[in-house]
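Let's take a walk through one protein model and see what its atoms can tell us. Keep the 3D view open as you read.

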Amino acid sequence: MQCNASYGSAGRGRDPRTSTPLHSTPQMLRRLPPCLLLFLLLCLELEELRASDAELLLSKVKPALQGWKHANAELATWNASATPLCLWRGLRWSTPDGRPLRCDAGNLSLALLVSIRLPAAGLAGTLPPELGAFSALASVYLAANQLSGAIPLELGNAPALSALDLSGNRLSGPLPASIWNLCDRATELRLHGNALAGPVPAPAGPNATCDGLHVLDLAANRFSGSFPSFLAAFRGLRRLDLSRNNFSGQPPEALSSRFPPEAFQGNAYYTWNSSPPAGHLSSRGVAGLVIGAMAAAVVLASVSIGRWARRGRSTEMEMLDGDDDAAQQRQGSGRLLVFEGGEHLTPEEVLNATGQVVAKATYCTVYKAKLMGTSGASIELRLLREGCCKPDAASCAAAARRIGRARHRNLVPLRAFYHGRRGEKLLVYDHVPRARALSDLLLLQLQPHKEEEGHARMAWPTTSSSSVLTTWPRRHKVALGVARALAYLHAAQGEAHGNVRASTVLVDDMLVPRLAEHALDRLLLPAAAEALLAAAKADGYKAPELHSMAKCSARTDVYAFGILLLELLMGRKPSEDLPSLVKAAVLEETPLEELLDAGMRPDEEGPLLLALKLAMGCCAPVPAARPTMTEVVRQLEDTRPSPTRTRSAMYSPTESRSDAATPTTIAA
């Protein structure tokens, strides 16, 4: 306690007993016992180290990430003079003893940076070497941005880093060998979709087995040379992707026997052989033999939703990134693939969940269900209709894994996929409480707008529970969240959503949008997928060049987003051919306030005009003329409404943190 008191005063440069500046009393310091003087100096050094995280973030990391051309709106909250540390977007902090930092903490200078999570945030700078200097930094998620330059070798020396995701950027140069210094604690390393080149270096340190590394994704870069055979020694590796590089020759047998051909597809001189080498069985092959040998046990599983209760032979519980075969649980009926955040789910809980029908689609029935376990959490179940889904179990499982891999704040995550013995298929999602579809918020009833034109304008809800989208700042927030989700899917996941529309956007009571149903066409038969496309055409979201769902791409998603943005701006049904209405209004020199919804304010004309131009750019007839979703995010960020005018109405302290993870379960 005495040391703490002395340290608190000494840290301010004054003697705690006399309030005299220490530099003016050197005799007093000389009279201190040597051990006490050493301890005092150590306390001062620790204070300096602890107080340096926020300063280092502001002086080095922020300027590097945002670049020097434009200020980044996400990083604007990194402001020590205006915003508490706990509200700096995309960051998580802890106290020196490892507890989460509270907003009402008295001494924020002791905060340690734990996580940086800013996917699809419009970052356009470089990776600063100082990222390796944070003593407690455990995770860095910067996917789907425009970061360029090299990966600094200092990043591999970060003392606590365990998860690194830099997918979907413009990083170039070689992969530093120091990256393998993270092997003793890193669980995932994702560098997908950059321009990294040269051979992949082997670990230079004593740790050559990387036991803790479960996910390694180096796909879609420019790596060359032979396949990195040293990866065969990575004993903890559960998922590997080296596809779409410039590796030469065949992958080493030690790797090709452990991972599917898709992990090596798209390299120079590599021949896709879907069969494992002779004399070898993959881990799934061994699991299949074990499961077949244990298939004597049959357990009755009942369910109160619909009539999809079945008797089965075995169940395989899999994590998204794979599990050791010995750790897989086999019970119940059918097969349950469990992804990140769904580890708590069991076949019995899913099959015995009770609930009610909340929606019906051409390909599925949607239920809100409540688990019967101790948590009593609510989930959303989508039972795929018989005849709509692909019958092949292997292709369905592969598609489900791809869908379950996506994790973003503005996406509804897939938690599990159930494939019954008789072919029934069930998707398990989080239930988002107090959330409504954007289409329900936009359109409850129609009222005439201009009788002479024969058009109808949307009547915005007037009840307190649904009057949240009556101003442009609120609608802008929804549009920006949807744009970020799409930018993440396109850049970090390398796939299109395929069904962007107001009905697939869920908006909660904090105006946080979550995009649902991404890439579900991968699970459907062609006829069922084409039904989705027909619905998109009827509702006005279909891009003109899209003739089949198989040709869905990022550019067709951009078109659908443009229609959604026009829907928000104009307050009209998208089936009215909104781009044509805008073109006609321009030719007729119609005033902007007559074209846009009545909820728009005159003082927002500038941002509204820019947003209208952006929407029309997204709806360009020629796909190549449309912007990417990353560019859309940047433009929406640049036209964000002034926070001084909208902060109280739009944001809360908890919502303004963009690094909040999607909860494992959400109570109703």
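Two strands count as paired if DSSP finds at least two bridges between them. Strands themselves (E, at least two residues) and helices (H or I, at least four) are DSSP runs, numbered from the N terminus. Before we use those terms, a word on the model: it is predicted, so local features need pLDDT of at least 70, side-chain atom pairs count only at pLDDT 80 or more, and totals for chains, interfaces and linings use all residues. Residues are numbered from 1 along each chain as its sequence is written, and side-chain values use heavy atoms, with hydrogens and water left out.

**Strands side by side**

Let's start with β10 (residues 222-226). This strand runs parallel to β8, and two bridges join them. Ala197 stands opposite Arg222 of β10. Three bridges link β10 to β12 (residues 246-248), again a parallel pair. There, Ser226 has Ser248 in β12 as its bridge partner.

A disulfide is a pair of cysteine sulfur atoms within 2.5 Å. By that rule there is one disulfide here, and it joins Cys183 to Cys210, with 1.7 Å from S to S. The torsion about the S-S bond of Cys183 and Cys210 is about 65°, so the disulfide is right-handed. Cys183 sits in the loop between β6 (170-173) and β7 (188-190), while Cys210 is in the loop between β8 (195-198) and β9 (215-217), which puts the two 27 residues apart. Both Cys183 and Cys210 are buried, where buried means under 20% relative accessible area, exposed over 50%, and partly exposed in between (1.4 Å probe, protein chains only).

What about Cys389? Cys389 is in no disulfide, and the nearest cysteine sulfur, that of Cys396, is 3.7 Å away. Cys389 is buried too, because its relative accessible area is 9%.

**Salt bridges**

A salt bridge here is a side-chain nitrogen of Lys or Arg within 4 Å of a carboxyl oxygen of Asp or Glu. How many salt bridges does a search of the whole structure find? It finds 18. Here are some of them:

| Salt bridge | N to O distance |
|---|---|
| Asp211 and Arg235 | 2.8 Å |
| Arg382 and Glu517 | 3.1 Å |
| Glu495 and Arg402 | 2.7 Å |

Glu495 lies in the loop between α10 (472-493) and β23 (505-507), and Arg402 in helix α8 (residues 393-404), 93 residues apart. Glu495 is buried, because its relative accessibility is 4%, whereas Arg402 counts as partly exposed at 24%. Elsewhere, salt bridges that share partners join Glu74, Arg484, Glu637 and Arg640 into one network.

As for Arg382 and Glu517, both are buried. We'll meet this pair again in the next section.

**Empty spaces**

Rolling a probe the size of a water molecule over the atoms shows where empty space is left. On a 1 Å grid over the protein atoms alone, a cavity is a set of points where a 1.4 Å probe fits but cannot get out; a pocket is an open set with protein on both sides within 12 Å along at least five of seven lines; and lining residues have an atom within 4 Å of a point. Grid points are joined across faces, edges and corners, and a volume is the space filled by probe spheres set on the points.

The second largest pocket holds about 680 Å³ of space. Of its 30 lining residues, the closest to the centre are Ala359, Val366, Arg382, Ser503 and Glu517. Its lining divides into 15 nonpolar, six polar and nine charged residues. For these classes, Ala, Val, Leu, Ile, Met, Phe, Trp, Tyr, Cys and Pro count as nonpolar, Asp, Glu, Lys and Arg as charged, and the others, Gly among them, as polar.

Now for the cavities: the search finds four of 30 Å³ or more. The second largest cavity has about 110 Å³ of space. It is lined by 16 residues, and the closest to its centre are Gly498, Ala536, Tyr541, Leu546 and Ala560. Helices α11 (526-539) and α12 (554-570) each supply at least two residues of that lining.

**Two positive phi values**

Arg244 is not a glycine, but its phi is positive, near 55°. Arg244 lies in the loop between β11 (239-241) and β12. Glu589 also has a positive phi of about 55° without being a glycine, and Glu589 is exposed, with a relative accessible area of 69%.
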